[in-house]
Amino acid sequence: MFPKKYRLESRLGESFFANAKRIYSPLFVLYWQKRDDDQVKATVIVPKKRATKATERSKIKRIVREATLP
């Protein structure tokens, strides 16, 4: 899990995804957006089509988070 200062709030909802920048990969999509206070909010989405087991999806998310955090 991302540290709290990097996590998305659930109330951001559709507006976040509409305005966020995306990085596509065969295994995941990384959505990120730089906020007004120079923080970066990000989320990683791994579709079931790519990784059928939840443990596989979680592992991919952990690897991406480790690579992207400062």
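Residues 24 or more positions apart make up 36% of the protein's contacts with a separation of 6 or more, a contact being heavy atoms within 4.5 Å. The model behind this figure is predicted: local features need pLDDT of at least 70 and side-chain atom pairs count only at pLDDT 80 or more, while totals for chains, interfaces and linings use all residues. Numbering starts from 1 along each chain as its sequence is written, and side-chain values use heavy atoms, with hydrogens and water left out.

How confident is the predictor? Mean pLDDT (the predictor's confidence in each residue, from 0 to 100) comes to 82 for the protein, and 84% of the residues reach 70 or more.

Along the sequence they follow the pattern α-β-β-β-α.

The three strands form an open sheet in the order β1-β2-β3, with antiparallel pairing; strands pair if DSSP finds at least two bridges between them. β1 (21–24) and β3 (40–45) sit at the edges with a single partner strand each, so one side of each has no neighbour in the sheet. From one strand to the next, the twist averages 20°, taken between N-to-C directions on a scale from 0 to 180 degrees, with axes fitted to C-alpha atoms. Strand β2 (residues 29–34) is joined to β3 by six bridges, and one of the bridge pairs is Trp 32 with Ala 42 of β3. Five residues lie between the strands in the β2 and β3 hairpin, where Asp 38 takes a positive phi near 65°.

As for aromatic rings, there is one pair, counting rings of Phe, Tyr and Trp (its six-membered ring) with centres within 6.5 Å; planes under 30 degrees apart are stacked, over 60 edge-to-face, and the rest tilted. Phe 17 and Tyr 31 have ring centres 4.9 Å apart and planes at 90°, so the pair is edge-to-face. It links distant parts of the chain, with Phe 17 in helix α1 and Tyr 31 in strand β2, 14 residues apart. Tyr 31 is buried at 15% relative accessibility, whereas Phe 17, at 31%, is partly exposed (buried is under 20% relative accessible area, exposed over 50%, partly exposed in between, with a 1.4 Å probe and protein chains only). Of the protein's 70 residues, 27% count as buried.

Methods: Helix = DSSP H or I, 4+ residues; strand = E, 2+ residues; numbered from the N terminus.
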